[in-house]
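Please consult the sequence and the 3D view below while reading.

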Amino acid sequence: MLTPKERAIQIVKGAMGDDLERAERAFRHLDKNQMQEEYGASGKTCQQILNGYKEQRAEILEVIKWLEGIPC
């Protein structure tokens with residue numbers, strides 16, 4: 001059985017998803033200029049989408065680090 005702390009970390013890790021990896025795969029063949037083009041009907045460029053996923057990942061990793069520092 002997991003402790004509440006372990007369960008909280010598990011839940012946050014589950015929220016991480018694979019959006020960053022999927023975007024990296026989808027955009028890996030694009031050059032610098034193509035990364036500045038709007039992607040589909042998103043209203044965002046490929047670079048903005050990728051940056052958003054990178055920021056989200058960094059925030060989630062920060063929360064995990066914070067949770068790991070909480071004493072049991």
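Arg-57 is buried, at a relative accessible area of 15%; buried denotes under 20% relative accessible area, exposed over 50%, and partly exposed in between, with a 1.4 Å probe and protein chains only. The model is predicted, so that local features need pLDDT of at least 70 and side-chain atom pairs count only at pLDDT 80 or more, while totals for chains, interfaces and linings use all residues. Residues are numbered from 1 along each chain as its sequence is written, and side-chain values use heavy atoms, with hydrogens and water left out.

**Arg-57 and helix α3**
- Arg-57 belongs to helix α3; helices are DSSP runs (H or I, at least four residues) numbered from the N terminus.
- Leaving aside neighbours within four places in sequence, Arg-57 is in contact (heavy atoms within 4.5 Å) with Met-16, Gly-17, Leu-20 and Glu-21.
- Helix α3 spans residues 46-68, 23 residues in total, and reaches 33 Å from its first C-alpha to its last, close to the expected 33 Å; the expected span is 1.5 Å times one less than the number of residues.
- Besides Arg-57, the buried residues of α3 are Cys-46, Ile-49, Leu-50, Ile-60, Ile-64 and Leu-67.
- The cover over the buried residues of α3 includes α1 (4-16) and α2 (19-27).

**Helix α2**
- Leu-20, Ala-23 and Phe-27 are buried in α2.
- Viewed down the axis of α2, these buried residues fall within an arc of 65 degrees, so they line one face of the helix; the arc is taken from the directions from the helix axis to the C-beta atoms.
- Arg-22 and Arg-25 are exposed, on the face of α2 turned away from its buried side.
- The buried residues of α2 are covered by elements including α3.

**Nonpolar cores**
- A nonpolar core is a set of buried Ala, Val, Leu, Ile, Met, Phe, Trp, Tyr and Cys residues joined through side-chain atoms within 4.5 Å.
- The largest has 7 residues: Leu-20, Ala-23, Phe-27, Met-35, Cys-46, Ile-49 and Leu-50.
- Helices α2 and α3 are the elements that give two or more residues to this core.
- Apart from it lies another core of 6 residues, including Val-12, Ile-60, Ile-64 and Leu-67.

**Aromatic pair**
- There is 1 aromatic pair, counted when ring centres of Phe, Tyr and Trp (its six-membered ring) lie within 6.5 Å; planes under 30 degrees apart are stacked, over 60 edge-to-face, and the rest tilted.
- The ring centres of Phe-27 and Tyr-39 are 5.1 Å apart and their planes stand at 75 degrees, so the pair is edge-to-face.
- Phe-27 is buried, at 7% relative accessible area, whereas Tyr-39 is partly exposed, at 44%.
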